[in-house]
Amino acid sequence: MQLDQLPQGCKYVSDLMVTNSKSRSGYSQIDHVVITPQGLFVIETKNYTGEIKGTRESKSWTVSNRFKMYNPFMQNYGHIQAIKSLLPNYQKSRFISLVSFTMRCRFSVDPELKKNPIGRTDCV
């Protein structure tokens, strides 16, 4: 619903499957790509309940100490590399990685990971 409210001049695609030779399945499933004049925002969304623990460097994070998930920042890095390999003319474009969690979880992660380095971005 939030992506449907993007300013004029922005477009998005959701649930995008792209080939990725580095993935076990040969594909990457990308939750959302938002196309703006400022660059491509690649968004990984997580819908977990409970406590999320992890660091930027750790390969896996835990959810409520019950199960592990792949570090979403590393996962999204792979998504961006897959998109870049398919769009050679856009290598110099700005790719912005965003990870979004629902409000149903709480974090025990490095506080730096919670900061929004981008601020507000308006589309023209």
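**Overview**

A: Buried residues make up 32% of the 124 residues in the protein. Buried means under 20% relative accessible area, exposed means over 50%, and partly exposed is in between, with a 1.4 Å probe and protein chains only. This is a predicted model, where local features need pLDDT of at least 70 and side-chain atom pairs count only at pLDDT 80 or more, while totals for chains, interfaces and linings use all residues. Residues are numbered from 1 along each chain as its sequence is written, and side-chain values use heavy atoms, with hydrogens and water left out.

Q: What is the lining like by class?

A: It has six nonpolar, twelve polar and two charged residues. Ala, Val, Leu, Ile, Met, Phe, Trp, Tyr, Cys and Pro count as nonpolar, Asp, Glu, Lys and Arg as charged, and the others, Gly among them, as polar.

Q: Speaking of charge, how many salt bridges are there?

A: The count comes to one salt bridge, meaning a side-chain nitrogen of Lys or Arg within 4 Å of a carboxyl oxygen of Asp or Glu. Glutamate 44 pairs with lysine 46, and their closest N and O atoms are 3.1 Å apart.

Q: Are glutamate 44 and lysine 46 buried or exposed?

A: Both glutamate 44 and lysine 46 are buried.

Q: Switching to strand S2. Where is tyrosine 27, and how far is it from methionine 17?

A: Tyrosine 27 is in strand S2. Tyrosine 27 and methionine 17 are ten residues apart in sequence, with 6.5 Å between their C-alpha atoms. At 45% relative accessibility, tyrosine 27 counts as partly exposed.

Q: And valine 33, buried or exposed?

A: Valine 33 is buried, at 6% relative accessibility. It is also found in strand S2, and its C-alpha atom is 8.8 Å from that of aspartate 15, which is 18 residues away along the chain.

Q: What about cysteine 10? Where does it sit?

A: Cysteine 10 is in the segment before S1. Its relative accessible area is 11%, so it is buried. Cysteine 10 and leucine 40 are 30 residues apart in sequence, and 9.9 Å apart in space from C-alpha to C-alpha.

Q: Now the loop between S5 and S6. What is the phi of serine 64?

A: Near 55°, a positive value in a residue other than glycine. Serine 64 lies between strand S5 (60-63) and strand S6 (67-70), and is partly exposed, with a relative accessible area of 22%.

Q: And asparagine 65? What is its phi?

A: Also near 55°, and asparagine 65 is not glycine either. Its place is in the loop between S5 and S6. Asparagine 65 has a relative accessible area of 58%, so it counts as exposed.

Q: Last one. Which residues form the nonpolar patch on the surface?

A: Leu86, Leu87 and Tyr90, with about 260 Å² of accessible area together. Patches are made of residues with over 30% relative accessible area and no salt bridge, where like charges are joined within 9 Å and nonpolar side chains (Val, Leu, Ile, Met, Phe, Trp, Tyr) within 5 Å. Accessible areas come from the Shrake-Rupley method with a 1.4 Å probe, and for residues only the protein chains shown count as cover. Tyrosine 90 is in the loop between H1 and strand S7 (95-101).

Conventions: Helix = DSSP H or I, 4+ residues; strand = E, 2+ residues; numbered from the N terminus.
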